[in-house]
Amino acid sequence: MSYTALYRKFRPATFDQVKGQDHIVQTLKNQIHANRIGHAYLFCGTRGTGKTSVAKIFAKAVNCEHPIDGSPCNECDTCRAINAGSAMNVIEIDAASNNGVDNIRQIREEIQYSPANGRYTVYIIDEVHMLSIGAFNALLKTLEEPPAYVIFILATTEPHKIPITILSRCQRYDFKRITIDTIAARLSELMEKENIDVEDKAIRYVAKAADGSMRDALSLLDQCIAFYLGQKLTYENVLEVLGAVDNEVFSHLTRCVINGDVVSSIHILDEMVMQGRELGQFVNDFIWYLRNLMLMKTSGESTEAIDASAETIAALREEAEMVETDIIMRYIRVLSELSGKIKYSSQKRVLIEIELIKLCRPAMERDISSLNNRLSLLEKKIETGSFTVANTGQQEKTVPETPEKVFEKAIPEDVQYVVDNWGVVKRHITNPYKTYLQDARFSVKGENTLLIVFNPGAIGYERCNKPEVIEMLNTLISEEIKKQVKVEMTMLETNQSFGSYFQEVVSKINMNIEEEDF
């Protein structure tokens, strides 16, 4: 027997199985129970929210021989025939491919005959907005005064394209986008039935990626399960299959943009490209992360509108203290414009690089939000003292420089070898740790310790300075380049110079070319 996709296998068969549309389900059940059934219904809503499923359940319920509280029993001959698609009194029509006047005239001829089985003949016209103007006109009179045994159910994702004359003759029901909590609960329930082990965090990400569509959620989950068949489906697996990016990467990128760090921002994008992440989704997810940051900044301690883990909320709270609301809104505006351009571009990476530079360099724009961003960066430079005074033509005064500490101690051979071959180790480091270590510098401590030094305030220090991460690096160094060295991590204090406190270990094999700050 061939495999059945999850969204088909678990399609709702009764009103109770429909999730997230209680306002519609209860109304239809009440109509059936009280025998107040209308002759024409219009189901509106985005894809995958249950329009066609509810239409089929309603068609069964009005014809069911033994309805249960307004729901079909799915046991009688009529219900079984409708479920099998062999019932002559339930007709599904795809208006996208049957949109002409002749197709509607055929319906007008058919409804003259009462149903051979069941009480009602039900016409379900999907994507009804695709009908031509002539077809709508042909349907108009029939829709207004059909025979008592005929029910029309029109389904559409674009109700604004339907003539007002049709709308006024239908009972309209708007299907809402299904909440992340509702989708996640349903997916968890179905995974238990299928005996598939899936992390809760993975299920929740799939629910979020579905954007309110239960069908999309089941399709995405089906895709992820197929890729890791027979294995536990983890959050990292889902990110890899869907080409998505973890929130920690967006946190790092946000801090780089706030600090005007072009080089690090481009490095992060380069890492995403090398991992094969889908760049359009990368931009959209970054916009969503900045949306959460904006809500965190404006709503204070209230995090109800932010669907994120405790770790992400903690990072957002820190970043909210680093940037003003109007600057966040500028970031969102620039990226939203980029999202529209990137859909049809053959050079997505170049466009994203340009916009990242624009975010880091607000002087490239001339609007008020960019000016505020420039002032904010200038204030930060003044606070930290990291600015230079322009030459005004007057005689420059010589300011004695503070001599840096001179290191004369020889670098241990094993530590130098590890730095020379760091590229081999880096290939085996998983993300987001690979990204965090991108901008770190190497020093030496004692006779056999590789010291990894992070810049002031770097989020990578908090994420990487953990026993399990250090153990991972020690293991990779031992296995990949056959050297036994200890790894330790530290972070520079604000206004602290690297060269004044640490002896840098530079690779003698790989030359790192750094971009000039401009």
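Predicted model: local features only at pLDDT ≥ 70, side-chain atom pairs only at ≥ 80, totals over all residues.
**View 1. Glu-189 and Arg-186 pair within helix α8.** The two side chains form a salt bridge, with 3.2 Å between the closest N and O atoms. Both residues sit in helix α8 (residues 180-194). They are three residues apart, about one turn of the helix. Glu-189 is partly exposed, at 31% relative accessible area. Arg-186 is buried, at 8%.

**View 2. Glu-248 and Arg-463 bridge two helices.** The closest N and O atoms of this salt bridge are 3.5 Å apart. Glu-248 belongs to helix α12 (residues 247-258), and Arg-463 to helix α22 (residues 459-464). The pair therefore ties together parts that are 215 residues apart in sequence. Glu-248 is partly exposed, with 23% relative accessibility. Arg-463 is buried, with a relative accessible area of 14%.

**View 3. Arg-463 also pairs with Glu-462.** Here the closest N and O atoms lie 3.8 Å apart. That value falls within the 4 Å cut-off, so the contact counts as a salt bridge. Glu-462 is partly exposed, at 44% relative accessible area.

**View 4. Asp-16, Lys-29 and Asp-69 form one network.** Salt bridges with shared partners join these three residues. By the 4 Å rule, the model's count comes to 27 salt bridges.

Definitions and conventions: Residues numbered from 1 in each chain as written. Heavy atoms only, no water. Helix = DSSP H or I, 4+ residues; strand = E, 2+ residues; numbered from the N terminus. Buried < 20%, exposed > 50% of the residue type's maximum accessible area, 1.4 Å probe, protein only.
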